Amino acid sequence: MEIRRKALGGSALVRGWIAGEPAASRFFPASPCDAASFHAQAESVAGRFDRAARLRAASLLRGKGEDAERRLARFVEEDGFMITTGQQPGLFGGPLYGLFKAMSAIALARDLEERLDRPVLPVFWVASEDHDWEEVRSARVIDPGNDLHEIALPARPELDLPPLFRIQPGPELEQAANAFLALHPDSDFSSEWKHSLRQAYRSGTTLPHAYESWMHSLLASDGLFVVQAHETELKRASLPLLLDELAGAEQREEELSQRSAEIENAGFSLQVPFLEGGTNLFLEGPTGRERLFREGEGFRLRRSGTRLSADAVREQATADPSVLSPNVLLRPVVESSILPTLAYVAGPGEAAYFPQTEPVFRGHGLTTPIVHPRFAGEVVERKISRVMEKFGVEGVELAVPFHEVAGRLTRDELPSEVQSALGAFRGTIARAASELGRAVAEIDPTLKGPVDHLRGQAFSSLDDVERKVIQSLKRENEIALSQLEKAQLHLYPGGKPQERVLNALYYLVRYGDAFLEELRSQTRETGLR
């Protein structure tokens, strides 16, 4: 088993930024590869965080491992910083890229701790206030027979979307865990990891807290700290900023409109669509977590249509800070106001929306953190690499529908004498049709059409012969092609990149700590170059 690095991908804006193209890079605060940028960011952040602010930030974090408390104390006493990342709490840990994010943050934090000679903590922000139940309620896995399965918690009504921290699954969570675990084989490593997953995903546990428990099981020894977006003290600390955003909603909309126009005029698309009247805030209403829209002197909830005055929103949030929450553009601003963040480790989607946050950070008097790309890769088991070597294909070549892969490879395997004969036949048809066309044109120019038709029929018949030869080869290579199809399933399950579909447990029960150690090795290169 090996983990192979891939390009992060994403929108043209993100690809240009990673490549260092000036047209894209100007929309980001600083280079993620320049040590000087981090020294400058450290100076800016240090000026906003005294010992009391760091004590408050430390109180929000939860870590495991023998030295977690010691590292938090060092962070406070030695004026430390943080590298943050985060994700929605997907069922059973969600797809691999969440783990890739966490490991990237750990690697970057270690790198910067050495360079800055100050404590730097890796922090994972669990998006527990998110309300997209559809996005987090399922997990997929490939069973030992190479079939892809999806295990899911029950769907929720369309107009019942509370934040995830308020949803407490009952016995159905343990039932889903049992079904999920049954699809994994027993091995020398499976008992430990299956037990850890069962302990995390128990009846009555919310997905955010189950996700936190699972991440600690994976990365406690790596020094990862976790913060939940909905935690009471965090909500109290962030309330003044959220209320300031409410008060300045109209001005912020104008500034975001201008920033959006700048990005689009440069030839890039917006990751977060600009909606007229839309604020950067959500309020819990009759249908759950709803976005606030400006309407006249007050506000309107998007789904339910409920209308509220600014005073009513402030009163609700002051009485219960948990009901008011930021959208994707405001969330990193909230984070940077409470945590001394040097950089945020982002996937392609997050990296694409950070350029839109500039006026929001500026409006609250904060410096935008450096955006750093997460590690992107694919786990290639030996059985998969052998098949790829046999056919001489790279992983990216399996990203297209399988019939295209099989057709191209089979066509490439046509015996040289068949390819030569087909080529010669096509050449003969072309020459003969050309000669016939010139000859009949002297008699009647309108006869060129029938000759062209004859030429087309001849080529079509020849293509039909070639297809039949290829189909015959396919039948002979059916077993070999089935191996290639299985390789594609492992690298592009359901037609999507492996890191966006498959779960870490598949590899943990087969390879144990060797899987995590290989990932550590690969993500060590995530730091500065």
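**Exercise 1. The whole protein**

How many helices and how many strands are there in the protein?

*Solution.* The protein has 23 helices and 15 strands; helices (H or I, at least four residues) and strands (E, at least two) are DSSP runs, numbered from the N terminus. The model is a predicted one, in which local features need pLDDT of at least 70 and side-chain atom pairs count only at pLDDT 80 or more, while totals for chains, interfaces and linings use all residues. Residues are numbered from 1 along each chain as its sequence is written, and side-chain values use heavy atoms, with hydrogens and water left out.

The C-alpha trace spans about 95 × 60 × 50 Å along its principal axes. Of the 529 residues, 53% count as buried (under 20% relative accessible area; exposed is over 50%, partly exposed in between; 1.4 Å probe, protein chains only). Among contacts (heavy atoms within 4.5 Å) with a separation of 6 or more, 75% are accounted for by residues 24 or more positions apart.

**Exercise 2. Helices H4 and H5**

Determine how H4 and H5 are arranged, and which residues join them.

*Solution.* Begin with the axes, which are lines fitted to C-alpha atoms, for helices over the stretch in contact, with angles running from 0 to 180 degrees between N-to-C directions. The axes of H4 (residues 51-59) and H5 (residues 68-77) come within 8 Å and cross at roughly 155°. H4 is therefore roughly antiparallel to H5 (angles under 35 degrees count as roughly parallel, over 145 as roughly antiparallel, 65 to 115 as roughly perpendicular and the rest as oblique).

Next, take the residues. H4 contributes Arg51, Arg54, Leu55, Ala57 and Ala58, and H5 contributes Leu72, Phe75, Val76 and Glu77. By class, this contact has 6 nonpolar, no polar and 3 charged residues (Ala, Val, Leu, Ile, Met, Phe, Trp, Tyr, Cys and Pro count as nonpolar, Asp, Glu, Lys and Arg as charged, and the others, Gly among them, as polar).

Finally, consider Ala57 of H4. Ala57 is buried, with a relative accessible area of 0%. Leaving aside neighbours within four places in sequence, Ala57 touches Phe75, Met82, Ile338, Leu339 and Pro340. Ala57 and Glu335 are 278 residues apart in sequence, and their C-alpha atoms are 10.0 Å apart.

**Exercise 3. The two partners of H6**

Describe how H6 meets H10 and how H3 meets H6.

*Solution.* First, H6 (residues 96-116) and H10 (residues 207-219) pack at an angle of about 55°, with axes 12 Å apart. The two helices are therefore oblique to each other. Gly98, Leu99, Ala102, Met103 and Ile106 of H6 meet Tyr211, Met215, Leu218 and Leu219 of H10. This contact has 8 nonpolar, 1 polar and no charged residues.

Second, the axes of H3 (residues 35-46) and H6 come within 11 Å and cross at roughly 75°, which makes H3 roughly perpendicular to H6. Ala35, Phe38, His39 and Ala42 in H3 meet Leu112, Arg115 and Leu116 in H6. Here the classes are 5 nonpolar, 1 polar and 1 charged.

**Exercise 4. Positive phi**

Where does Phe92 lie, and what is its phi?

*Solution.* Most residues other than glycine have a negative phi. Phe92 has a positive phi, near 55°. Phe92 is placed in the loop between strand S3 (81-87) and H6, and counts as buried at 0% relative accessibility.
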